[in-house]
Structures are given as C-alpha cells and as structure tokens.
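Let's take a walk through this model together, from its confidence values to its helix packing and its sheets. Have the sequence and the coordinates open beside you as you read.

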Amino acid sequence: MEAVNLLSSNKYTEKQIGYLFISVLVNSNSDLIRLINNGIRNDLASRNPTFMNLALHCIANVGSREMAEAFASEIPSILVAGDTMDSVKQSAALCLLRLNRTSPDLVPMGDWTARVVHLLNDQHLGVVTAATSLITTLAQKSPNDFKTSISLAVARLSRIVTSASIDLQDYTYYFVAAPWLSVKLLRLLQCYPPPEDAALRSRLTECLETILNKAQEPPKSKKVQHSNAKNAVLFEAISLIIHHDSEPTLLVRACNQLGQFLQHRETNLRYLALESMCTLASSEFSHEAVKTHIETVISALKTERDVSVRQRAVDLLYAMCDRSNAKQIVAEMLRYLETADYSIREEIVLKVAILAEKYAVDYTWYVDTILNLIRIAGDYVSEEVWYRVIQIVINRDDVQGYAAKTVFEALQAPACHENLVKVGGYILGEFGNLIAGDPRSSPLVQFNLLHSKFHLCSVPTRALLLSAYIKFINLFPEVKATIQDVLRSDSQLRNADVELQQRAVEYLRLSCMASTDILATVLEEMPPFPERESSILAKLKRKKGPGHLPNIDDDRRNVNGSSEHSENTDATKTSSPSLMADLLPTNRPRPATSTPIMLSDGSMMFLSQGSTYPLTDLLNLNSTPSAGASLLVDVFSDSSTPASVDVSEEHFPRFVCKNNGVIYENQLLQIGLKSEYRQNLGRMYVFYGNKTSTQFLSFSSSVTSHDTLTTQLNVHAKTVDPIIEGGAQVQQILNIECVSDFTDAPVLNVQFRYGGTLQTIAVKLPVMLNKFFQPTEMTSQDFFQRWKQLGAPQQEVQKIFKAKHPMDTDVTKAKIVGFGVALLDGVDPNPANFVGAGVIHTKNTQVGCLLRLEPNAQAQMYRLTLRTSRDSVSQRLCNLLFEQF
C-alpha cells in the first residue's frame with residue numbers, strides 16, 4: 001500500500017521507488033492491481049516525460065495479461081503522437097513489443113500501424129532502433145500490414161552503411177556506425193522476399209555489397225569490440241543474402257567471405273562461418289563455391305579443438321556432398337568417426353549412411369561403407385541403418401553375391417559387433433547359396449561361422465539366426481541334420497524366452513514334416529521391399545530435436561547446379577532407388593513367405609504369395625490402390641477449395657526453375673517443399689513447420705484440382721499427422737502422375753486449430769508442365785533438322801520482352817537447366833544465344849521441345865522462341881519461362 005501511495009507523489013525519487021517495488025514484488029493477481037493501474041494511467045496522461053517513462057517501464061516489466069488489457073490500446077497512441085518526446089517513444093515502442101509478446105491477441109492492429117512504420121524515418125536513431133524491433137515482431141504476425149517498411153528500412157540502412165562514422169557520432173561503436181540498428185534492419189528485411197521494385201532492389205544490393213567490402217578492409221581498431229560489431233553486421237547481411245537466394249554474385253561473395261573465417265583464430269567466428277555455409281550449400285547458385293572449401297573443412301574436422309565446431313564441420317560436409325565428392329567426404333567422415341565425441345557419433349553414422357546410399361553409383365562401395373560403419377561404431381548404428389542395407393541388397397540383384405561374400409569375410413573377425421551378426425545372418429540366410437560353391441565358404445562353414453556367434457548375442461539376434469538356420473535347411477540339404485540337432489537341443493526347445501522356444505519348436509517340426517517342395521515355397525527368397533519414405537532421414541531429423549526445423553533445401557534435385565540433372569538416362573535407371581523413396585518397414589526384417597506391407601499403426605501385414613500387390617513401381621503410382629486408398633483419392637478430387645479462402649500464389653513463380661524451398665509462410669506455419677521427378681512421375685515432400693510453441697490440433701491437408709485438371713494430372717496425397725507439436729515439423733508425401741499436358745496447378749488446402757480458432761490456408765502447388773522434362777542432348781545438325789520439322793505456325797510461340805533481372809550469363813544458364821531442358825553448347829551460330837532441348841513425358845504421349853533464347857544486352861531485351869509438336873505445350877512453356885528473366 002505504501003508503494004501505491006508513492007505513485008501519487010510528485011517527487012521523481014519517491015515515484016521511482018514506488019514503481020521499482022511494484023515491478024519487482026507485486027503479484028499480478030494482487031488486490032491492489034486496480035489502484036496501481038490508476039496510478040499508471042494518471043502518469044501516462046500527465047505528459048511529463050520522466051513520469052511517462054517510469055509508467056511505461058513498469059508496464060513492460062510486469063507485462064501481465066491484466067496490464068495488457070488495461071493499456072494495450074493506449075500505448076500505440078502515445079507512440080505515434082507528434083508531440084511525444086523521443087525517449088518516451090523509445091519506451092512506448094519497447095513496452096508495446098513486450099505486451100505483444102506476452103498477449104498478442106490483446107494488441108489491437110489499427111490505424112496506428114501505418115504510422116509506426118514511418119518511425120523508421122525518425123531523426124532520433126534510438127527511436128528507430130526501438131521501432132525496428134517492434135515492426136519486425138509485428139511483421140512476422142501480419143506481413144502485409146507492414147510491407148511499406150521494406151523501402152524505409154532499405155533507405156535507412158543505406159544511409160548508415162554509406163555514412164562516415166563521424167556522421168553518427170552518438171551511435172558509432174568502436175568505429176562501426178550504428179551496428180545494432182543495422183542488424184535489426186537486416187533482420188526486418190528477412191521477414192520479406194526480395195523487393196519487387198528494381199531501383200529498391202539495386203539499392204539493397206549496393207548496401208549488401210558495401211557491407212561485404214567493409215569486411216575486407218583492415219580493422220580500424222585491434223579491440224575485440226570493433227571486430228564483434230563489424231562481424232555482427234556482416235553475418236546478418238549474409239543471412240539476408242541467403243534468405244533472398246536470388247543474387248548469385250552476392251551468394252558467391254558471401255561464401256568466399258565465410259571461407260576466410262574458416263581459419264580464423266576466433267572459435268566463435270569459425271563456428272558461425274560453418275553454420276552459415278551449411279545454408280549456402282543448399283542454394284543452386286552458391287553450391288559450387290562452397291565445395292571449393294572442402295579441404296579447409298576437412299582440416300577443421302581433424303584439428304579443431306572445440307567439439308561444437310567439429311559438429312558444424314560434419315554438418316557442412318554433409319550439406320556440400322554431391323556425386324562428384326561423395327566418396328571423399330564419406331571416407332573423411334568414417335576416419336573422423338573413429339575418434340569422434342560420443343555425443344555426436346550416432347548423428348555422423350546416420351549422415352554417412354544417407355550419403356553412401358544417396359550417391360552410390362557402385363553398390364559394392366555402399367555395402368563396404370556400411371559394413372565399415374558397423375565395424376567402427378557398431379554401438380551407434382541404429383536399427384534403421386542395418387534394415388536399410390538389407391532392403392537395398394534384397395532389392396538389387398547385382399549386389400547380392402558381393403554382399404554375401406563381404407559379410408562372410410567380415411564375420412571371420414574374432415570380435416564382431418552384434419549389428420554385423422544381424423546383417424550377416426540375414427544376408428547369408430537369403431543369399432548364402434551364391435557363395436556356397438567355394439569350398440572356403442561351403443554351407444557347413446557358413447553355418448558354423450554364424451553359430452559360433454550365437455551364444456554371444458541378445459535374444460532378438462538369436463531369433464534372427466534361427467530364421468537363417470531354417471533357410472539353410474531349404475538351401476542346403478547337406479546341413480539339414482546338423483541344424484536339426486541344434487534346434488532339437490534342450491537349450492533351444494526349453495529356452496526361457498518364449499520367442500526362441502516357439503521358433504525352435506516350429507522350425508524343427510517344419511523341417512521334419514514338410515516335403516522339399518513345400519519347404520521351398522514357404523522359405524523362398526524374400527520379395528523386394530515396397531518403397532517407403534526414408535527412415536534414416538526421419539531419424540536424423542528427430543535427432544536434431546523438435547525445435548530445430550531441418551533445412552528443407554537439404555536434398556537438391558541437381559545439387560551441383562546442373563550436372564546431375566543432365567546425366568544420361570541409363571545412369572538414371574541404374575542408380576539407386578532414391579533416398580527419398582525408402583523401402584523401410586519398421587519391424588525387424590525376417591525371412592517370410594510373403595510380401596511385407598506396412599500398416600498405419602507401424603505393424604506389418606503379410607500378403608499371401610497369390611496376392612498381386614505391385615512391388616516394382618518406383619513411385620507406387622501405376623498400382624491400383626486398395627479400396628480405402630481410392631476412397632480417399634475420390635474424396636480429395638471431388639472436394640473443392642472453400643470459396644472464402646484466397647489461394648496463395650506469392651512464391652509460385654520462384655519454383656519454375658527450382659524444386660525445393662519455402663512455398664508459404666505466415667506467423668504460425670511454414671510450408672516447405674522438396675520435389676523430384678522422373679519421366680511422367682513425380683514425388684513431392686511437403687514439410688509443415690509449427691512456428692509457435694502451441695500444438696496445432698485437427699491438422700489435415702488435401703490436394704484439389706479443378707474439373708479439367710483432374711483428368712490431366714493425378715495427385716495422391718498420403719495422410720498427415722493430425723497433431724503438430726509446438727516448434728516441430730511433420731512431412732506429407734504427394735505422389736504425382738502427369739497424364740496429359742496441362743496449364744493449371746493443383747491447390748493444397750490446409751486446416752488446423754490453433755488456440756481454439758480454425759485456420760484455413762490454400763496454396764497453389766508448383767506442379768508445372770516443365771517438371772516432366774527429360775533433357776535431351778543433340779548435335780547442331782540434329783537440332784536444326786528437328787527445328788525445321790517443327791516449322792508449322794501453330795507449333796512455334798515467340799515472345800519479345802524486357803529483362804526484369806540483371807542479364808547474367810551464368811544465372812541464365814542455371815535457370816534454363818533448372819527449367820528442365822539440356823543446354824546445348826556450340827549449336828547456335830551466335831555464342832551469346834542459349835539453346836535447349838528436352839522431351840515432356842506424359843502418360844499418354846511424349847512432346848519434344850526446342851527452345852532458343854536470344855539476349856540483347858544493349859536494349860536489355862530478350863527474344864524467346866519455343867517449338868514443340870503441340871501448340872498448347874509451346875504456349876504454356878513460353879508463359880512459364882519468360883517470367884524468369
């Protein structure tokens with residue numbers, strides 16, 4: 001009560017003690033809260049700047065819901081009033097920011113929002129700094145209301161970056177002009193895509209270039225505060241460059257700048273450089289530049305003292321890996337694994353397993369790598385990893401003999417890890433016959449080798465070995481009596497473990513009663529596993545923790561810019577089933593008489609041999625779905641987008657020439673995509689990231705198409721988890737089949753409950769006709785011969801248009817390759833022109849396409865000509881492509 005009385009005093013010191021006491025000690029549920037609020041209200045109305053500041057500080061310090069209800073509508077008017085003192089404006093902006101963080105639903109958006117943006121023009125930099133913090137938070141909540149802040153932020157940033165430190169004397173910190181304001185402005189710009197206005201965009205580019213240039217200048221002071229302030233601005237500028245992902249020169253420069261920090265004596269700088277380069281590695285423009293630093297990163301892995309920096313080095317090696325350097329990176333990771341800290345071994349094992357599979361052209365290398373992995377770090381090899389080896393060996397005939405020989409040799413070691421025994425038991429049980437011709441690996445030798453490990457293993461491994469033994473009885477009649485003796489022994493038939501006892505009894509009876517034909521039918525080789533989403537990748541994401549939304553650009557369709565995209569089709573056919581399309585059922589793999597199919601609860605159902613469930617279709621698109629599945633598909637295709645929801649198309653054009661990225665984002669949800677296409681089939685991984693700390697309930701998403709599109713494009717959406725935890729991310733798989741050429745795009749409809757309110761979002765999915773391109777290499781003679789054949793007026797579409805972006809040759813090449821065609825060098829007589837060829841694959845037909853892009857640098861114009869065998873295809877491809885330049 002004494003403190004409340006002090007609030008009404010006119011002495012500053014007394015009032016200050018009263019507010020201090022209330023801020024620190026009064027409970028927000030106190031009976032006195034009404035009296036306190038009256039005192040605060042009087043001080044806010046007094047127009048005395050010192051008293052107003054005390055009141056605002058008290059509101060911000062307490063920050064309770066009651067305070068927000070009482071004052072959230074008053075503070076904005078103080079903030080934007082023309083006669084408010086600068087110091088009070090600062091306090092009001094920070095007080096409003098605090099209330100918005102604790103009770104966002106009580107801070108009313110209204111007329112004041114447009115006026116808050118103009119505080120970025122204020123003469124007083126303290127006001128600008130406080131306002132920038134407030135605007136950044138509000139812009140994340142409702143980006144459209146604060147879109148005008150982009151131009152003001154760029155203008156203010158430009159003034160700071162280009163000023164001499166003497167101009168901003170009060171705000172210069174160790175020779176760096178207004179570093180904290182610069183950082184906040186750069187962070188605000190990360191709430192938005194690159195500016196659409198060309199002049200504004202070039203001004204921002206100029207600012208970022210200046211910041212990169214200043215980083216190269218010799219330091220003006222040797223004190224650590226100078227380098228800290230300078231680097232804080234630099235790293236935030238690099239974050240903005242990465243966020244925009246649209247300026248190749250800036251991305252490459254940022255990469256080179258970070259490369260210099262990789263060998264810096266300051267540990268924190270090395271850590272930050274590695275972390276930022278991980279993100280740069282996923283951009284098509286800077287991936288190659290990141291790869292040039294591979295030796296430095298490998299050296300960091302070997303010599304770095306700090307474990308957290310070593311972990312970032314592993315992350316970066318994983319991100320920069322592609323077909324050209326996979327063997328080197330995997331070898332280095334395996335070498336590091338032998339001495340790696342125990343805390344990160346499991347993560348490294350998962351990454352090695354993913355890379356070895358993803359970039360395995362030669363599957364013998366893959367088998368060797370995984371067995372090496374088990375040898376070096378067997379305790380950290382999770383079940384998912386050894387399941388995966390078995391699935392790949394079963395699904396690939398060409399590697400089965402080699403795998404059997406390799407595991408047989410590996411099992412010769414006196415001390416084998418149990419995971420190696422599991423892999424060995426499974427593979428020899430299935431394919432031991434492929435090496436049985438050699439007397440050194442005869443059936444009896446194989447059996448004795450496996451059985452010598454039996455007594456050292458846990459119960460699940462023993463159960464797997466018993467299954468391998470009954471398989472041996474079928475494969476090798478000569479060891480039947482030996483194995484029956486083992487099964488008949490008391491240690492098996494009277495085993496304390498019911499699983500082992502049951503297997504021993506049943507396998508023994510089966511071997512005694514069944515004829516050789518029945519035995520051969522029941523124990524025949526395991527069929528190929530059906531395709532599944534990668535469990536190793538899922539485990540790696542879980543390992544990173546629910547709060548860490550993994551970078552969805554991690555897996556690129558053509559990681560090194562273009563080379564993988566234009567590989568010949570034979571290589572594509574024989575390369576791995578994609579990492580994305582895992583084959584994994586999550587139960588222990590075991591010999592069975594039937595085809596394993598995963599059920600939604602994670603258990604496994606076995607279909608009898610007579611069933612015709614298709615196993616060979618890579619994307620499971622040509623299969624006839626079960627009744628339940630087709631019912632779901634029908635529901636999706638018949639429903640339509642609710643009329644009240646606007647379909648978001650903001651990021652749609654950015655995906656014409658790329659397959660991965662963020663397609664939608666608001667203050668609650670981030671939707672990211674990863675896609676891969678092969679001929680007329682596609683698979684899209686949709687990632688839903690919950691940006692809040694609250695659960696999303698009743699989460700559902702479906703894909704709808706209008707009437708015509710349903711006949712041209714089949715999209716099958718798998719179900720998605722109905723609950724998304726705060727800070728977590730879930731994934732949904734869409735299987736896509738192009739039936740015939742199309743112009744429209746399907747719509748993704750998302751619904752969920754957040755804080756009791758139903759949220760509905762509709763996003764246009766970037767499934768365009770050019771995604772079904774197969775690039776085609778041609779000689780000059782073939783190209784012009786085909787060009788003449790497609791000379792009918794309706795087969796050609798030509799467009800002459802003004803360049804919207806800088807005319808950079810490398811960027812143009814990357815976009816044409818990203819569009820899907822093969823870029824043909826030396827075909828056009830004019831070397832400045834770009835020529836491409838490809839074939840659009842649909843289920844019904846194939847459409848050949850030739851394109852020619854002629855830039856005119858003087859006039860800043862392009863002429864784009866497309867010739868295809870179908871006029872609708874020419875028109876659609878032209879409309880998609882010309883927007884990119």
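This is a predicted model: local features need pLDDT of at least 70, side-chain atom pairs count only at pLDDT 80 or more; totals for chains, interfaces and linings use all residues.

How many bridges join strand 14 (residues 747-754) to strand 15 (residues 757-764)?

Residues are numbered from 1 along each chain as its sequence is written, and side-chain values use heavy atoms, with hydrogens and water left out. Helices (H or I, at least four residues) and strands (E, at least two) are DSSP runs, numbered from the N terminus.

Back to the question: strand 14 and strand 15 are joined by 8 bridges and run antiparallel. Two strands are said to pair if DSSP finds at least two bridges between them. Within this pair, Asn749 stands opposite Ala762 of strand 15, and Phe752 stands opposite Gln759 of strand 15. The hairpin of strand 14 and strand 15 has 2 residues between the strands, and there Gly755 takes a positive phi near 60°.

Now widen the view to the sheet around this hairpin. It is an open sheet of 4 strands in the order 7-15-14-11, with mixed pairing. Strand 7 (647-648) and strand 11 (697-704) stand at the edges with a single partner strand each, so one side of each has no neighbour in the sheet. Strand 11 is joined to strand 14 by 6 bridges, and the two run antiparallel; here Ser701 stands opposite Val750 of strand 14. Strand 11 also holds Ser698, which has a positive phi of about 50° although it is not a glycine. Another non-glycine residue with a positive phi is Gln860, at near 55°; you will find Gln860 in the loop between strand 20 (846-856) and strand 21 (861-868).

A further open sheet has 5 strands in the order 8-9-10-13-12, with antiparallel pairing. Its edges are strand 8 (661-665) and strand 12 (713-717), each with a single partner strand, so one side of each is left without a neighbour in the sheet. On average, neighbouring strands of this sheet are turned by 25° against each other, direction ignored. Inside the order, strand 10 (residues 681-690) and strand 13 (residues 729-738) pair in the antiparallel sense over 9 bridges, and Phe687 has Gln731 of strand 13 as its bridge partner.

Next come the helices. Two packed helices are described by the angle between their axes and the distance between the axes. Axes are lines fitted to C-alpha atoms, for helices over the stretch in contact, and angles run from 0 to 180 degrees between N-to-C directions. Angles under 35 degrees count as roughly parallel, over 145 as roughly antiparallel, 65 to 115 as roughly perpendicular and the rest as oblique.

Helix 21 (residues 363-377) and helix 22 (residues 383-395) have axes that come within 11 Å and cross at roughly 155°, which makes helix 21 roughly antiparallel to helix 22. Their crossing is left-handed (the near helix is turned anticlockwise from the far one by less than a right angle; clockwise would be right-handed). Tyr363, Tyr366, Val367 and Ile370 of helix 21 make the contact with Val385, Arg388, Val389, Ile392 and Val393 of helix 22, where contact means heavy atoms within 4.5 Å.

Helix 22 also packs with helix 20 (residues 342-358), at an angle of about 15° and with the axes 11 Å apart. That makes helix 20 roughly parallel to helix 22, and this crossing is left-handed. Val349, Leu350, Ala353 and Glu357 of helix 20 contact Val385, Arg388 and Ile392 of helix 22.

Elsewhere, helix 3 (residues 33-45) and helix 4 (residues 49-62) pack at about 140°, with their axes 8 Å apart. The two are therefore oblique to each other. Ile40, Asp43 and Leu44 of helix 3 meet Phe51, Met52, Ala55, Leu56, Cys58 and Ile59 of helix 4.

Finally, how confident is the predictor? The mean pLDDT (the predictor's confidence in each residue, from 0 to 100) is 81, and 87% of residues reach 70 or more.
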